[in-house]
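Subject: Structure for your files

Hello,

Please find the structure we discussed below. My notes come after it.

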Amino acid sequence: MNIKLKVWRQKSAKEKGKFVKYTLENASPEMSFLEMLDALNTKLILQGDDPVAFEHDCREGICGCCSLYINGRPHGPGEKTTTCELHMRSFKEGKTIVIEPWRSRGFPVLKDLIVDRHAFDKILIAGGFISNEAGTAQDANSILIRKDKADEAFDSAVCIGCAACVAACKNASAMLFVSAKVSQFALLQQGKVEAKQRVQAMVRKMDELGFGNCTNTYACEAECPKGISVTNIARMNREFFGARIGTQKS
Amino acid sequence: MIKLDSKIPEGPLTEKWTNYRSSHKLVNPANKKKLDIILVGTGLAGSAAASSLGELGYNVKVFCFQDTPRRAHSVAAQGGINAAKNYKHDGDSVYRLFYDMIKGGDYRAREANVYRAAEVSNATIDQLTAQGVPFAREYGGALDNRSFGGVQVSRTFYAKGQTGQQCLLGAYSGLLRQIGKGTVTMYSRREMLELVVIDGKARGIITRNLVTGELERHSGHAVVLATGGYGTIYYLSTLAVNSNGSAAWAAYKKGAFFGNPSFVQIHPSSIPVLNDYQSKLTLMSESLRNDGRVWVPKKKGDKRPANDIPEDERDYYLERRYPAYGNLVPRDVGSRAAKERCDAGYGVGDTGLAVNLDFKDAIDKQGKKAIENKYGNLFEMYEKTTGINSYEEPMRIYPAGHYTMGGLWVDYNLMTTIPGLFAIGESNFSDHGANRLGASSLMQCAGDGYFIIPNTITSYLADEIRTPRIPVDKPEFEEAQKTVQEKIHKLLTINGSQTVTSFHKRLGKILWDYCGMTRNEAGLKKAMGMVEELEQEFWRDVKVPATANELNQELEKAGRVADFFELAKLLVTDALNRKESCGAHFREESQTETGEAKRDDRNYSYVTAWEYNGENKPPLMHKEDLKFENVEVKERSYK
């Protein structure tokens with residue numbers, strides 16, 4: 001198939017970017033989206049042009065590197081799919097495919113389609129952990145956890161940190177990301193000791209970094225490649241208000 | 001010439017590690033703050049080590065080439081992590097786990113290290129659980145286990161098909177906590193390009209800032225490499241495409257010996273190669289063989305759809321050849337068996353290079369829901385890549401490059417032959433002999449990082465408390481930086497006509513064909529010539545665009561591929577030297593009448609440790625003789 005592309009090109013964080021049009025002949029519907037970009041880059045390199053910079057690593061949907069905004073959607077068309085799992089069979093020949101980086105104040109562009117998602121680490125540094133040091137743990141089976149709770153915690157824990165939720169949100173809110181981590185630990189016995197400080201510290205950091213609020217459009221859930229549910233946000237809100245009441249009492 | 005000393009502590013096997021821990025030298029808390037440790041790589045081994053060393057109070061500087069430590073390729077490990085908990089009450093013990101690993105590695109690993117790995121496995125599960133890793137549980141609330149290849153007990157802890165992700169995120173959360181506390185400084189988007197050795201000791205690294213292109217100098221009292229394996233040398237592999245062998249290679253060229261480089265695991269179940277432009281192969285976890293049955297048609301070239309082939313016309317070749325272990329044979333055995341059937345013309349799919357992995361019986365017995373619960377995400381991944389729903393028809397799988405048992409040679413302290421340079425996780429050669437058993441990679445990484453390196457590095461650093469911070473303006477840093485600069489300059493000025501990736505593909509093909517699942521002398525010699533020729537062509541005709549002072553992904557790749565050419569020659573050299581078959585290393589000249597690997601204990605019961613001997617000179621070979629005092633060395637049979 002012949003592909004028409006419109007790709008965001010930006011030399012560095014300091015320079016202004018613009019869309020550039022490309023065409024790619026002889027692409028195959030069986031190619032993954034990133035393999036299509038590989039082919040484009042091969043063509044550009046051999047022509048003496050700069051290839052398009054994009055972030056990628058595992059190419060099997062688990063590392064969370066890929067971050068392309070394709071035809072107005074994070075990770076492009078397809079339910080619960082990362083960009084690297086997307087295949088060209090999902091696109092019609094002849095229609096232009098528009099590729100942009102994540103657009104959010106929290107994630108400045110470094111080059112072309114690569115953004116800096118360091119803000120996510122910062123939020124987790126504020127409290128996304130259980131303070132357990134190596135060598136201090138008791139036997140793992142001394143903590144019994146109901147299977148349904150453990151499964152629910154797992155469903156929250158599968159977040160790959162790609163930030164599609166922020167890119168999808170008109171408020172650039174990071175609530176789905178933060179709430180998934182808060183939920184994972186809130187659902188598990190091990191996480192309860194620090195639950196109050198955790199949710200407060202993480203929410204504070206999230207606000208400080210300029211991420212927006214949640215206005216319940218559910219775009220984040222719709223675009224999350226791992227299907228993380230907005231019920232996590234509701235749980236985080238409960239935890240957050242509960243923690244504030246608790247703090248005021250003490 | 002350096003003499004190999006594995007520094008195995010005296011005493012009975014079961015007491016070595018306990019004795020070591022109670023007698024090694026310590027560093028008092030006030031002095032720990034004054035000691036700098038450089039740690040490269042943030043997979044499970046690196047992240048676990050970073051958090052533990054930070055908790056101890058050392059000043060830790062951590063480096064990764066990704067944008068955040070959470071993306072390291074441990075994240076993609078699927079099936080599970082082993083431990084000798086014996087929660088299933090099925091006869092497991094530390095000794096049995098140790099024994100399975102020694103046997104699984106075809107008697108080519110060091111007893112003391114393997115025993116210790118088994119010994120700390122239980123504490124690892126406790127640690128990860130306490131950190132909030134949501135392992136699968138039973139209805140009673142206890143942790144669940146499943147079986148993996150090459151063993152007859154259920155000792156594998158898992159979190160669906162995302163165990164690596166969950167373990168890594170657990171370790172990463174501990175690392176982040178230390179960053180918050182200020183004991184760990186994180187340098188992401190940095191690639192280590194050179195090791196700095198001063199007065200014979202590892203004292204620093206040169207990194208390239210991958211955003212600005214700037215070369216940076218970092219010093220420390222010790223350097224720990226947790227940089228993973230070099231499986232991407234085959235180009236197509238189950239690894240993340242940016243995984244590479246360059247940090248280990250830099251260490252090798254500075255004097256760290258390389259152990260058993262030819263021991264590469266080809267995993268039996270990956271989604272097969274579908275086309276020419278494919279950039280990677282997706283693993284389908286070994287855990288699937290708990291419930292999936294592997295088969296090919298009994299008739300050569302039978303092109304009927306799998307579901308149309310009646311039961312009595314199917315050859316469940318693993319169950320046929322290995323009745324005791326059936327579909328759960330170890331990976332090397334499973335891979336060769338698949339290759340044998342496909343080479344003989346029984347393979348399925350368009351290319352004939354695939355076999356069926358069928359869940360029909362399991363679904364009939366346990367119901368679709370149960371299978372979905374165990375492997376749901378794997379079935380989804382398979383469908384996304386191939387468009388095939390494997391609840392309805394069998395998966396097609398084929399072997400793919402996966403894991404490197406070989407790596408930097410280390411002693412019992414996990415220290416390389418360069419004092420002060422340690423290697424942990426997949427980057428060392430230590431625990432898996434000639435073949436790794438499933439779910440023991442996460443186990444080794446976490447054990448190395450959480451429980452072993454904090455002790456052994458302390459023992460080393462106890463003698464360094466009088467060494468002041470190392471200044472980075474020393475001539476050794478200058479020189480190391482110059483080496484890096486020159487290489488980058490050379491790569492950017494060739495301005496040839498072929499892309500880096502096209503060279504990488506061709507290199508991978510040579511190694512896959514002649515130094516992959518099976519090897520023979522003529523093929524290896526031929527491969528050596530081909531690699532040398534291709535390498536020369538690379539340095540004549542590669543095209544690397546843009547400049548050094550910017551984010552330049554092609555330049556990053558070019559440096560890695562340049563190193564792979566050199567590593568490839570060492571891999572082939574090692575494979576040529578070892579004329580026996582053992583584990584994943586199958587020399588066609590050395591097989592039994594039934595086509596099984598034939599070991600030669602009289603001549604090859606050793607670890608090969610290669611020493612760099614200068615540009616274009618053959619490397620020097622050292623041998624570490626393996627002594628087995630606690631297991632009886634037998635023919636490795638799964639029949």
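This is a predicted model: local features need pLDDT of at least 70, side-chain atom pairs count only at pLDDT 80 or more; totals for chains, interfaces and linings use all residues.

Chain A

Eight helices and seven strands make up the secondary structure of chain A. Along the principal axes, its C-alpha atoms fill a box of roughly 65 × 35 × 35 Å. Of the 250 residues in chain A, 53% are buried. Among the contacts in chain A with a separation of 6 or more, 70% are between residues 24 or more positions apart.

Contact between chains A and B

Chain A puts 63 residues into the contact and chain B puts in 61. On the chain B side, the helices that each supply at least two residues are H3 (44-56), H6 (121-130), H7 (163-181), H12 (368-386), H13 (441-461) and H17 (553-577). H7(B) has the largest share of that side, with nine residues. The chain B side consists of 24 nonpolar, 23 polar and 14 charged residues.

Domains of chain B

Chain B is divided into three parts: domain 1 (16-81 + 162-263 + 405-464), domain 2 (268-401) and domain 3 (494-603). The centres of domain 2 and domain 3 of chain B, taken over C-alpha atoms, are separated by 28 Å. Where these two domains of chain B meet, six residues of domain 2 are in contact with five residues of domain 3. Helix H10 (residues 331-343) of chain B gives the largest share of the domain 2 side, five residues. By class, that domain 2 side has four charged residues, one polar and one nonpolar.

Regards

Note on methods
Residues are numbered from 1 along each chain as its sequence is written. Chains are lettered from A and ligands numbered from 1 in the order in which they are written. Helices (H or I, at least four residues) and strands (E, at least two) are DSSP runs, numbered from the N terminus. A residue is buried if 20 or more other C-beta atoms lie within 10 Å of its own, exposed if 12 or fewer, and partly exposed in between; C-beta atoms are placed from the backbone. Two residues are in contact if their C-beta atoms, placed from the backbone, lie within 7 Å. Ala, Val, Leu, Ile, Met, Phe, Trp, Tyr, Cys and Pro count as nonpolar, Asp, Glu, Lys and Arg as charged, and the others, Gly among them, as polar. Domain bounds come from an automatic or database domain assignment.
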